[in-house]
Each structure stands twice: as structure tokens, then as C-alpha cells.
4 protein chains.
Amino acid sequence: MNEKIQVGVLGATGSVGQKFVDLLSNHPWFEIAAVAASERSAGKTYGEACRWMLPAPLPERIAGMRVQTCEPPLPCKVVFSGLDSSIAGEVESHFAASGTFVISNSKNHRWDPAVPLLVPEINADHLQLIKHQATHGAIITNPNCSTTGLVLALKPLLDRFGVEAIHVVTMQALSGAGYPGVASLDIIDNVIPFISGEEEKVETEPLKIFGRYENGAIVNCDLRISAQCNRVAVFDGHTECVSVKLKQPASEDEMIRAWNEFSAEPQQLLLPMAPEKPLRYRTESDAPQPRLHRNLDKGMSVIIGRLRKCALLDYKFVLLSHNTIRGAAGGAILNAEMIVKKGLLPLP
Amino acid sequence: MNEKIQVGVLGATGSVGQKFVDLLSNHPWFEIAAVAASERSAGKTYGEACRWMLPAPLPERIAGMRVQTCEPPLPCKVVFSGLDSSIAGEVESHFAASGTFVISNSKNHRWDPAVPLLVPEINADHLQLIKHQATHGAIITNPNCSTTGLVLALKPLLDRFGVEAIHVVTMQALSGAGYPGVASLDIIDNVIPFISGEEEKVETEPLKIFGRYENGAIVNCDLRISAQCNRVAVFDGHTECVSVKLKQPASEDEMIRAWNEFSAEPQQLLLPMAPEKPLRYRTESDAPQPRLHRNLDKGMSVIIGRLRKCALLDYKFVLLSHNTIRGAAGGAILNAEMIVKKGLLPLP
Amino acid sequence: MNEKIQVGVLGATGSVGQKFVDLLSNHPWFEIAAVAASERSAGKTYGEACRWMLPAPLPERIAGMRVQTCEPPLPCKVVFSGLDSSIAGEVESHFAASGTFVISNSKNHRWDPAVPLLVPEINADHLQLIKHQATHGAIITNPNCSTTGLVLALKPLLDRFGVEAIHVVTMQALSGAGYPGVASLDIIDNVIPFISGEEEKVETEPLKIFGRYENGAIVNCDLRISAQCNRVAVFDGHTECVSVKLKQPASEDEMIRAWNEFSAEPQQLLLPMAPEKPLRYRTESDAPQPRLHRNLDKGMSVIIGRLRKCALLDYKFVLLSHNTIRGAAGGAILNAEMIVKKGLLPLP
Amino acid sequence: MNEKIQVGVLGATGSVGQKFVDLLSNHPWFEIAAVAASERSAGKTYGEACRWMLPAPLPERIAGMRVQTCEPPLPCKVVFSGLDSSIAGEVESHFAASGTFVISNSKNHRWDPAVPLLVPEINADHLQLIKHQATHGAIITNPNCSTTGLVLALKPLLDRFGVEAIHVVTMQALSGAGYPGVASLDIIDNVIPFISGEEEKVETEPLKIFGRYENGAIVNCDLRISAQCNRVAVFDGHTECVSVKLKQPASEDEMIRAWNEFSAEPQQLLLPMAPEKPLRYRTESDAPQPRLHRNLDKGMSVIIGRLRKCALLDYKFVLLSHNTIRGAAGGAILNAEMIVKKGLLPLP
């Protein structure tokens, strides 16, 4: 037990922070050594400071931990950041400068040239970037929750057939907005066809993720993406209606095979958070559905369904991805596992 | 009062039938003279036979009417049909053959060559078709509830700039599935990314609606449409995310002006169900929303918002249309009003 | 038009404030002359300052009005207060001191000895209290939204049979918590069995409302009430499961007759907001239901159903009351109408 | 593996049936040897016949099993019945007559004098009844889903202080109505204050459960219960607002201790489905809540909160119980485990 890697959680009382605590509390490699949050929470026990929102019970050991402020040093070399973007930029830089590895779910550093925007099944080689970070530590980010499912579903299509253009309309879950997030009066019996800043992220983040590492920098991939983002009355799980234009022809069977056969480094390395199959194509006429499929493979797989011809582009399909697991805390932990396995973490 | 046109409602106890009863019960031109439904209901009073689902109270006069079977003759020259498609085809033909004008909301006869698929703001001239129907009466249909909002929003764009291609993703309300329709266990905390037969309707019905009347037939319009249809936990009001490729360039201002200035024959004729403005563009960043905007203009306007550039086609926007009013019963009544005003109805 | 009574709305941008604006904008006696809100909103037009949440469109005249701060004098002798209880106490006192009639929906002054806790069908005689208020103006309050429906349903039972004890469990709508109020993550697929301070209000306010005016004060009524309050995923309309112990025996028929025959001063005076029948008993096995019945009589009636024997007390039944209309803004406007009709308002 | 007890599931494709399959598929003592359903499903594989509704994936071995009709003999000595009450009575009798132990979740035989209405933490001694059943096999039933949570919460109060009267108002989950069950149009933004037959069950079943086994029969307990049952938009988990009148005085602390210390035979025997603690009192001001607490202890514990004085009876509190696990399939499996452990099952 005392050989586990000590980690901290920044923004630990928030919605993503709680998910980090939940997923890390039984992790085979990591052990939570610090929970940090705002001044208002600091000094209280985590159990007092935190309005625990998850169905899984709050682990007792963590409940009793004293909340610290989000300032280095914390007693750990790795911190997971679920900080709000209003403060994440500065705090994460501060931790990195002080020698900490910051595994961030926030948007602030995603476009820093030397910061990997990492989805380990896709661009683990981007981790080379971190040696160009001018800090003792490093910052590694994961993409927006809507981007993650999309790029995973596209990866094998890109590899086998090439992808020229994407049209995506999302129906996103409430947990993506944090807590308290969306007011119930705004979403009961309603759809909100707007999420601030979201369409821009979905249209641009894939370009870096699918980019090429070259001479210490990422050369963005060339791909036209049009995104429309909506909020719906779903607790967890983003559903996305995708149309795709391929570079080379492919049959439906070939596409489905590309998805079902997809496996990458995290699978080969048997990383603890890695799903056995990152992509699963389902054949039911009405799959995937958030309530039925979001928790498959502990929320780490992307579920795809309804592949059919598109009258404008080549094909259309539906994908589902768990936004707070694969698209946030779970994805970030998988990133950290990859970093550990690659030997990038300076172990004691 | 006794000069009102006597009308019947077929399938009067169902979900669309109730909406017909609701909207017709205070109509200035029409008066309900008959309510007809299945054998099971026939003989009971409408109040007994019907599980009234609408917030507006069931009008007492109608509650006391005896339900008849769906067979001609009924004491009226016009019937509104909210029949289920499993029986609508035959029953409606039967009524038309017996000299009745059937204003149908069902899909069965939409593609009959001599049957108008009518949206009075768009293709009132298609009413010329009915003289080619080989019956004493006539059948006039309105489109699928998801088609109606879409074609109305496209009409002024087509007229001013031309439209080459459309990509549409719908988030459709539960009332579109009738009653009992979607099980609550299927939709609470969920999205269902499939509605049987819906995408086909949205992709094809606009071709006839925008078609050209020529020598007693409709020549379909040429327009590529790709549709993806989803069910969401909304009571009334279909939201649609649309991308459009125009034939001629247009600025955002020109498009918004095209929508806001749009007015057509139903407006000029001051038809009772016609909204003052069929299309309303809203400037809020997060409009339209079903709960906030579906009932504007008594549910007969299409509300549009979020016009912005599309990275693939030219523009994207969001529209909202009340599916059981403009998209079903209200649209059908507007059709009937147009027929009356055009003098096509053989009045006593 | 210029003979209408000029009124102001305090807290006009909030959830109750918007309802006041909505209900007052076509009122036959009152005309909105001022909208007041926090410093943050002051100076903006109401349309800019307010995130309008109601399906009915925001009236244009009001949208263009400049928002003022909540300080006297405003250009009106009557203000409707939808202020948050954190500030309502002081602000309302201030207005009353400056000669304004304050028709308040807030809890702060409900227990002031000289302030009527008014439900005009029940205790209009309590208006005598206001002459004992040591101000030029006056404060008149209406009860908590859950209390209102309950006391109205009890009133004819008290009058005809006497009531000894009440057990009530509420299932309350989200709009009762204001905006943003309840987070969607807290209520989708959930029930919250707690509303802060609510049970105390429901257990005590009826005692004053049913109290006896005697020598310038109210002698509370003697009645045992046990309340349990829950929040459910309903937009508008509080449902209450009531058990009642009567003082004299009554048959179910007698009770239903007591409800259906109930009529009081607001009905006899034909006050504009007064429902024709304050109480309506419905005979369906599963009535009342919020979505179906909350808007009957424009939200001003209390709907009752399911009367049956109780194994502990005498009878149990279910009632439904629109919380933001009868239970808040509509009830307050009815209070103001009663004050006007009684000649208590110093007219110009 | 081949020493596991072979069991069948009757009504296996239904909502409770699926839950049986889910919970039995990894059971340490039982192994599904047969799935049986209606004629319509018989002959298909379970995967084809069943619209699997649960988030946990359908086990592959079961998916491939051929569905049989609900007629004996099936290749097993024990069947779990999730049959609809319209047919359960006869089918279950038939199986019992043919020598099968029928563990039923249906209401039909609950009041048969020789059939135990079993909650193993409460009345395991009632199993003595089965020797009085005039069959080779036996029928054992579990109570209605709303009864189960209530009687468990009452049990330690009865034991320590005595209970004289109970007032309970339920807010019940949708899954309790089976599939398709409640129409979404009936429950979105709504409460239905009526569940057919439910109040009668809650008011009477506890009398038998708490009854005394005497000379081969159960003498019902004496306890006045008044129940009001409502359906709310919650997926799983029944919430109940309870008021209780005790026979002897008790402090809040004593009551909470009674709940938290409660443990019974299933706990002592370490039955696989038995929760470590059948009752858990939570101290948060707003607990229990279905979404947060229904899955604690795998859905087998009853969660209690908000204990406080009642102005009419002695105390009021809120309880939560998972209706398809503890209140249906899970409870039935626990019953079966108790029968096995007691040696009542004729093992091969």
C-alpha cells in the first residue's frame, strides 16, 4: 500500500473532483494523499466541506481528510485537477512550476504548444511534448467531454479510410455543466440548444489531438468539423449524431469492423482504467442510449450505433460517451496511467 | 352559429383527435357535429370514451356527444382525421369516396399523386390536385410533424437564395408518439436516437411540398436532405438543428430578414388559425427552447434562432415547431380553412 | 386607462416578480408604473435586466421600462413584493413607512401582529388589522404557497363540520424554489424529502389565517397540523396528500358538496382574479394532477380529488394548487383587489 | 458449478423477470437452468425474446438460452416468479402442485393461509406454514414493493417500543409499474396521486407479516395503517413519508439506535443477498433520496432519515427502499436463500 503513488485532487469538492475521488479511491497504482479546494472549504474535513453527489458512498478515509488550499506543495508528485476554468490556468501553472505533474481536466492549457491534449488510445506519442515544458513538473490535459467520444469513434476511421469532414450534433448530459450547473426550471420538459464555448471546442480540439508531433510541436490535422451542441435532461452520458465524409470508400461492414477491432496502447499495456474495447458497435435499431449504455466498461467505452448512409456526407451514426468518466475524470486517470507506464513520472 | 360548417373528427379519442377537439371547439367557422372512434368507444359519450389529456378543459358540449364509428356517412361534409396509420388509409378513402372532404394528419395518402401534401404558406397551389382525385370528396394531407417546421423555415430561403442541401438533426417531443406512446422507463434520464420511419419522412416529404404543380401532378423539387431523428424528454415541441447550403450567397442579416418578413396567403387571407408571422427569429443566445417558445402565436409559428456559419455547409440554425399544433391538428385546420377560403368546399 | 391604479413590482426580475408582471400586464384595475430590482439590474431596461422565463411573451411596454432600485418613493401607491426574504423585511417596512401599500409574497412580516396573513376567501375581516400598523402605508401578506391550497380546502370543512387535526404530505413544484432554485442534478430521477422552513410554515400559518380578529389582534385558531414537505420534478403545481379529523361526522357527499358549493366574498364581489369556484372536486380516480389541472380557472382554483376514509383520522384526500399563481403572485393580486374593493386604499 | 441449485425464472422477459436474471446470473448458490415466458416468446432465445432494459449487460449464457413456456416441469426444483398477476395465480399453483418451490413476487397467493408472506429479517418463522400447503412443492411470497421498506423500518420499533398506528404517504418509482407501465406523457412534469390497489396492500400486508404463527396459521397483528400512494418521475426507489405512534415512549436517539443496530437471521446466516445492515439511518438534513441512496448495499438496505416529532402521532421520518431489488427480485432471492439455509428445500 505504501508503494502506491501519492496523488492529490485539486477542486476536490466539485463535481469532477468528486468523480476523481470516487475513481481513485480503489485505484491499484494511486493513493489519494491530499484533497484541495477553495479557501472556503480549506480546514474542514472533506466530508464536511463536500456535498457528496455520487451514488457510490464517499470512502471513509477520504471523508476524514483535511481539505487543503490549492497551493503547492502538497504531499504528492501528481495532482488531478478538476478546477473551474476561472482559476485552473494559474493554479495549474503554479503546481507545474513547483515540480508537480498536473493531470488536468480543465480547458485552460489545452492549447499551450507544449501541453499534450491527450487521449491515450489516439496520441500517446504527444507525451513527448512535455519535455518542452519549461517547468520542473508538467501539465497534461484531456479534451472537452464532447470531443473525447467523437475523436475515439473517428480514430479507426481516420486510420483505415481517412476522414475529410464531420458534422456533429450533440445532446449533452447535465453533469457536464458541473454543480449546481443547469437549473431544473431550465431543463425539465425542455432542450437548451446552446452550451457556451462548446461548439468551438468540438470543432478545434480534434485538430490538435489528431495532429502530428514534429520537432517538439504538434502540427494540427486537417479536418473540417461543424458542431451543434445541445443540453438535454439526461444525468450522465453525451449522445452525438455524427455524419462523416471519408477519404476512401468503405462499406458499413468495414466501418463496424474498424470500430469493433480497435485497440491501442492502453489496451496492450493493460492500464487499469483502460476499457477492454474502447469502441463497441451495437446492432439494436435504437442504440446507443445514455441510460442503458453509459456505464458499460465502467463508463470508459464509447458506444456506437445506427450506422447508415448519409444523403450529404457518406455515413451517419450515433455515439454515446460517459461525459464525467471517459470524458473527464476517468480519461484523466487513464492519462496518468499512461504517463506512469511510459516512465515519464519521476518516481521516488 | 347554425351557419358554421359542420365537421367531424375521426380518431377523436386519440392524442391528435383530442387536439382537434380542443382547437375546433371555439373555431369561428367550424362546428364539431360528430366525433368518431373505434368500435370500443362507439356508443359511449365522448367524455366517457376519452381519457382527456389536455390542460384545457374538455368542452362540455363535446363531452356529452355520442361517439360514432369511423364510417360514412357522418352528419358533416368535412372530417378531420387523427386516425392511426394502421387504419387511416382505408377509412379515409372510404369517406372521400362517399363525398366527404378528409383533412388528414395521417401518413397513408401523403404520396398519392392526386393528394396535396399541404402547408398553406408554401404550396396552396397544390390544391389544384384535388380535382384529379377520382372521388366525390377529397383527401388533403399535412406533412409529418418534423417536416412542417423544417419546410416553413426553408421556404423564404428557397425563394430568396435557393437551397441546395440540408442536414437536420431533430430532438422530438413525446406527444409526437401519441398515447400511451413512449414508456416513461424509456425516456426519463435518456435520449432515444431512433424514431421508426421518421428520417425517411423528413428526407422525402419536403421534395413534394416544394414540388411544382404541372399538368395535374407534382414534379418533386430537387434537394438533398439528410435527417437524424431523436426522441427526448420534452412534452411538446420539436427542436431541429439545421445546416443549410444555399445556391446564392446570403448574409446572416439577409437570412434573418427573409424569415421575419415571411408572410403568405394564409396571413393575407387572415385565416383564423394562421399566425400573424409564420416565422419568428429570436436573438437570444440560447433560443428557441420548447418550454419557452412552443406556444407563441398559439403554437402556429416556427421559432428560429442561433443562425451562424457552418464549417461544412453555409449556415446552421435551430428551429422549434409545436408538433401537435402546427405539426398536426393546427396545421390540418389551417389546411381546411384554406380550402374553405378558396371556395373548394361544396357549401350547402 | 389613466384611471387605473398605478402599481410597482419589487423584485421584478425574479421568479415571482415575473409572474407579477405577467398577471398585472393586462389587469383591468392595475397598471404597472414601476419595476424595481437589485442594484445590479437598476438602470437597465426590464427586458435587458430580466431573464424572462415564462411561456407568455414579455409585454413590450414593460420590457422597455427602466428598472429602478427597491427604494421609495416609486411613482405608485401600491407595490407588489416578490422580494427574496433575505431583504424583504427591511425593504417592505421602508415602503410602508413611506406611505405605500405593500402587497407582499414574502415570509418576513407574516407574523407581525398587525399584518394580515390574507386569503380573501377565508379571512378578509383580518384587513381590519392594518389600521393598527404604525405606518402611513401598510403591509399585507399572503401565506406560503403550500399553506394556501391547504387552508382553502379546509375552510368549508371548518365551517360546516369543524376540523380538529390535519396530516399533510406535500409534493412541491420546482418553481416554488425560485430561480435558479433547485439544481437539475438534484431532482432529475429524484425526490428531495426536505424543503427548508416549509413544514414549520404549513404547520403554523393556518393558525393565524383561521384566527379570530379580536380587539385589534388575531387570536390563533386551535388546530393540530403535522406536515411533511417534499420537492418533486414538477414545474408548477403543489400536490398535497391530506388526512383530516373532523369535529362532527360528515359523509363523503357532504364534504364534496361543502367544497363544490364554497364561494366567498371575492366571488360575490366579482374580483378580477377571483376564480368562479375557489374549490373544485374532481371525480376521476387519479385526479388531481399538476400537469392536467394546475391551470384550471387560470391557476386560481384549488382542485381536490380522491376523498376516502382514513384508517387513522377521518378522511383523506388529495389537493392541487398552482404555487406561483394562487400560492404567490395571483393570490397577492387577489389580496390587492380585495383591499381596493373594501375602500382601504387611499385613492388619489 | 454443477453443485449449484438449478432454478428457473417465470415471466423472465418482463421487468421483474429481467431483474431476477440480472441478480441470479452471478449468484453463488443458484444457477439459472430455465427461463420461461409467454407463448409469444417461447422458442426464441432469451436475447431475442427480451427487450433487455437494465444497464448491466445481459449475461451471454442467458441470452442464448431458449425461452420455455410457463408450464411444469422445468429442469429445476425452484422457480422465481415475476409473472403478471393476471396469470400468476394459476401458473404458480400448477408449479407447486408439480413439486416445485415457487418463490413468487406476485400478489396472488399472498393471502393464502398457508403461504408465508416473507421478509426474512422479520418473520422467518412463518416458513413453518409451508408444511401445511397441500402440494408437493410450495409457494413463498414476498410483499408489495411499498410494504417491504415500511415493515423493515418498523420492525425494530415494534420490538423495542411497540407500534400502535402508522400514517404513510408514498412517492413511488416508475419501475414499480413494470414495462411499458406508466406512459411518459402521464408523468413528465407530473405526479399521479393514485396507484391501483396499492394503498390496500400497504394497509393490510404488514398485518400478516407482523403476525404470529400459531397452530399452523398466522394470527394477524393489530396495527392501524393509513396509506396514500403516489407515482413520481423517479426511475427506481420508493420514498415513503411515515408518521408513527409508539406504544412506549422513545427518544429520537433510541429510535435511531434501534434502526442502526438492527440485525436479524439473514445477517447472522450471512445469506448472500442479505445486506450487512438492513437499515441505515442517515443524518443529512435532506436524506434519503432515491438517486443518491437506492443502490447502497446493492439495493438491499432500507435507508431512513429526517426523524423528528410529529404533531399528531409521535414521530415522523422518511424511508427509501429499492423497489425492484429489496422490494421485488432481491427480496425474493433472499427468501429463497433463507429456505435453502433452513434446509426446507429438498436437495437432490
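Visitor: Let us begin with chain A. In what order do the strands of its open sheet lie?

Guide: In this predicted model, the open sheet of chain A has 6 strands in the order β3-β2-β1-β4-β5-β6, and their pairing is parallel.

Visitor: Which are the edge strands there?

Guide: They are β3 (67-69) and β6 (138-141) of chain A, each of which pairs on one side only. From one strand to the next, the twist averages 30°.

Visitor: How many bridges are there between β1 and β2 of chain A?

Guide: Strand β1 (residues 5-10) and strand β2 (residues 30-37) of chain A pair over 6 bridges, in the parallel sense. Within that pair, Gln6(A) stands opposite Glu31(A) in β2(A).

Visitor: Which strands does helix α12 of chain A touch?

Guide: Helix α12 (residues 325-341) of chain A packs on the sheet and touches β1, β4 (78-81), β5 (101-104) and β6 of chain A. The direction of α12 makes about 145° with that of β5(A).

Visitor: Staying with β5(A), are the residues on its faces buried or exposed?

Guide: They are buried, and both faces of β5(A) are covered. Phe101(A) and Ile103(A) lie on one side, with Val102(A) and Ser104(A) on the other.

Visitor: And how many bridges join β4(A) to β5(A)?

Guide: There are 4 bridges between β4(A) and β5(A), which run parallel.

Visitor: Now chain B. What is the strand order in its open sheet?

Guide: The order in chain B is β3-β2-β1-β4-β5-β6, with 6 strands and parallel pairing. Strands β3 (67-69) and β6 (138-141) of chain B stand at the edges with a single partner strand each, so one side of each has no neighbour in the sheet. On average, neighbouring strands of this sheet are turned by 30° against each other, direction ignored.

Visitor: What stands opposite Gln6(B)?

Guide: Glu31(B) in β2(B) stands opposite Gln6(B). The strands β1 (residues 5-10) and β2 (residues 30-37) of chain B run parallel and are joined by 6 bridges.

Visitor: Where does helix α4 of chain B lie?

Guide: Helix α4 (residues 85-97) lies across β1, β4 (78-81), β5 (101-104) and β6 of chain B, and runs at about 150° to β5(B).

Visitor: One residue on my list is Arg257(B). Which helix holds it?

Guide: Arg257(B) is placed in helix α9 (residues 252-261) of chain B. It counts as partly exposed because it has 15 C-beta neighbours inside 10 Å; a residue needs 20 or more to be buried and 12 or fewer to be exposed. Tyr281(B) is 24 residues from Arg257(B) along the chain, yet their C-alpha atoms are separated by 8.7 Å.

Visitor: How many residues of chains A and B are in contact with each other?

Guide: The contact involves 34 residues of chain A and 34 residues of chain B. On the chain A side, at least two residues each come from β7 (163-172), β10 (224-231), β11 (238-246), α11 (290-293) and β14 (315-321). The largest share, 5 residues, comes from β10(A).

Visitor: What classes of residue make up that side?

Guide: The side of chain A that touches chain B has 18 nonpolar, 9 polar and 7 charged residues.

Terms used
Residues numbered from 1 in each chain as written. Chains lettered and ligands numbered in written order. Predicted model: local features only at pLDDT ≥ 70, side-chain atom pairs only at ≥ 80, totals over all residues. Pairing = 2+ DSSP bridges. Axes fitted to C-alpha atoms, helices over the stretch in contact; angles between N-to-C directions. Contact = placed C-beta atoms within 7 Å. Nonpolar A, V, L, I, M, F, W, Y, C, P; charged D, E, K, R; others polar.
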